Amino acid sequence: MNEAATTAIRVEQTRQSKLPQVDFNNLKFGQTFSDHMLVADYVDGHWTDVSIVPYGNLSLSPATSALHYGQAIFEGMKAYRFANGTVSLFRPHKNLERFNKSALRLEMPEVPEDIFIGGLKTLIDLDRDWVPGAEGSSLYIRPFMFGTEPALGVHPSDSYKFIVITSPVGAYYHKSLRLKVETHFTRAAEGGVGFSKNAGNYALSLHPTRLAQQEGFDQLIWTDANEHKYVEEAGTANLLFRVGDTIITPSSDTILHGITRRTIIEIARHWGYQAEERKVSVKELIDGIEDGSVTEAFAAGTAATLTPITEIGYEGRIYTLPDPAKRVFSNKVLQYLNDLRYGRIDDEFGWNLIVD
Ligand code: PLP
Ligand code: COI
């Protein structure tokens with residue numbers, strides 16, 4: 001039995017909303033936080049104390065195990081506001097599924113559906129006025145979990161916190177992307193934790209990304225750990241390419257199995273495009289750009305939504321892709337996703353979960 005089915009969520013409302021101070025026309029990604037957060041503790045093998053409380057600081061022991069040994073995982077998802085005021089989550093069960101896969105790989109406890117989805121719905125309902133409605137805006141939702149045992153032995157923490165904070169956001173990327181193919185540093189190797197959404201995968205990306213940014217790139221294209229010959233993903237999003245009527249995306253257990261990428265592949269197939277999830281070599285990509293067969297390339301992710309790639313740097317040369325305005329598939333799928341997420345068209349796949 002799912003013990004959380006009987007776990008009530010305690011709600012302590014803020015006395016002073018911060019909402020009047022927020023400039024919704026000028027949102028920087030992840031810098032403004034809504035009034036409440038969900039917090040649950042895992043102690044003695046059980047989730048307990050599931051509460052929604054005013055957003056605020058935590059008090060932690062300096063020996064908190066996650067700070068030393070990195071048992072820390074997270075998710076990224078969004079809530080959207082329809083024109084009629086309805087608030088909707090996009091495919092949240094996919095995030096729950098991935099969160100629990102990450103948890104398993106890092107020897108952390110699973111979070112049950114009642115706490116993850118039930119908690120999210122209660123939280124978003126309470127902070128529904130924080131969900132922006134302008135095109136391209138949404139409430140970014142960050143569920144995360146970390147080991148809290150105050151102990152320095154290297155072993156799985158015996159206690160955890162699961163927290164959800166939310167943040168009204170606009171676009172993560174404000175322009176099309178210039179990406180560098182990384183052929184020296186490695187993000188993830190087979191058998192490692194590349195598929196999981198754990199904090200360490202982002203920590204290790206920061207230095208190589210900063211070096212690429214110093215060369216004028218926005219982000220990296222990671223390549224495989226063995227040979228640096230195969231395209232993996234970007235630092236904050238998956239990669240998709242169009243060749244003819246085929247949408248191609250790298251597939252491996254060393255990349256994050258993105259929900260946006262999955263969604264786009266499902267839509268592409270539904271529309272009659274071919275979609276291939278397979279190894280993509282850097283050579284295939286570069287040759288395709290050079291001979292004009294790669295007509296579209298984009299990054300796809302929750303924060304990134306769908307961002308066109310216009311330039312790719314590889315071994316000192318820049319390869320330029322066609323004008324984003326002329327990219328039929330990317331533009332059509334982005335429009336479709338926006339129409340769906342803002343409730344303007346029929347939800348034919350049943351992907352919107354209405355928060356009522
Ligand atoms: N890859 C990485 C490294 C990411 O951080 C993200 C963002 O979440 C993605 C891919 C795309 O995943 P999703 O579409 O589920 O947001
Ligand atoms: C997301 O798209 O949700 C991400 O996690 C990417 C980044 C902000 C870390």
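The largest pocket of this predicted model has a volume of about 900 Å³, a pocket being an open set of points on a 1 Å grid over the protein atoms alone, where a 1.4 Å probe fits, with protein on both sides within 12 Å along at least five of seven lines. Of the 43 residues that line the largest pocket, F74, R142, K197, Y202 and T236 are the closest to its centre, lining residues being those with an atom within 4 Å of a point. Because domain 1 (3–169) and domain 2 (177–341) both contribute residues to this lining, the largest pocket lies between them; the domain bounds come from an automatic or database domain assignment. Residues are numbered from 1 along each chain as its sequence is written. Local features need pLDDT of at least 70 and side-chain atom pairs count only at pLDDT 80 or more, whereas totals for chains, interfaces and linings use all residues.

Several elements, among them α1 (65–69), β4 (72–74), β7 (138–147) and β15 (294–301), each supply at least two residues of the lining of the largest pocket, and α4 gives the most, with 10 residues; helices (H or I, at least four residues) and strands (E, at least two) are DSSP runs. By class, the lining of the largest pocket holds 22 nonpolar, 15 polar and six charged residues, where Asp, Glu, Lys and Arg count as charged.

The structure also contains 21 salt bridges, each a side-chain nitrogen of Lys or Arg within 4 Å of a carboxyl oxygen of Asp or Glu. In one of them, R344 pairs with E135, with the closest N and O atoms 2.8 Å apart. This pair links distant parts of the chain, 209 residues apart, with R344 in the loop between α7 (328–341) and β18 (352–355) and E135 in the loop between α3 (113–126) and β7. R344 is partly exposed at 43% relative accessibility, and E135 is partly exposed at 46%, buried meaning under 20% relative accessible area, exposed over 50% and partly exposed in between (1.4 Å probe, protein chains only).

A further salt bridge joins E233 to R187, the closest N and O atoms being 2.8 Å apart. Since E233 lies in strand β11 and R187 in the loop between β9 and α4, this pair ties together parts that are 46 residues apart in sequence. E233 is buried, at 4% relative accessibility, and R187 is buried with a relative accessible area of 8%. Elsewhere, R261, R262, R269 and E277 are joined into one network by salt bridges that share partners.

Key: Chains are lettered from A and ligands numbered from 1 in the order in which they are written. Side-chain values use heavy atoms; hydrogens and water are left out. Grid points are joined across faces, edges and corners, and a volume is the space filled by probe spheres set on the points.
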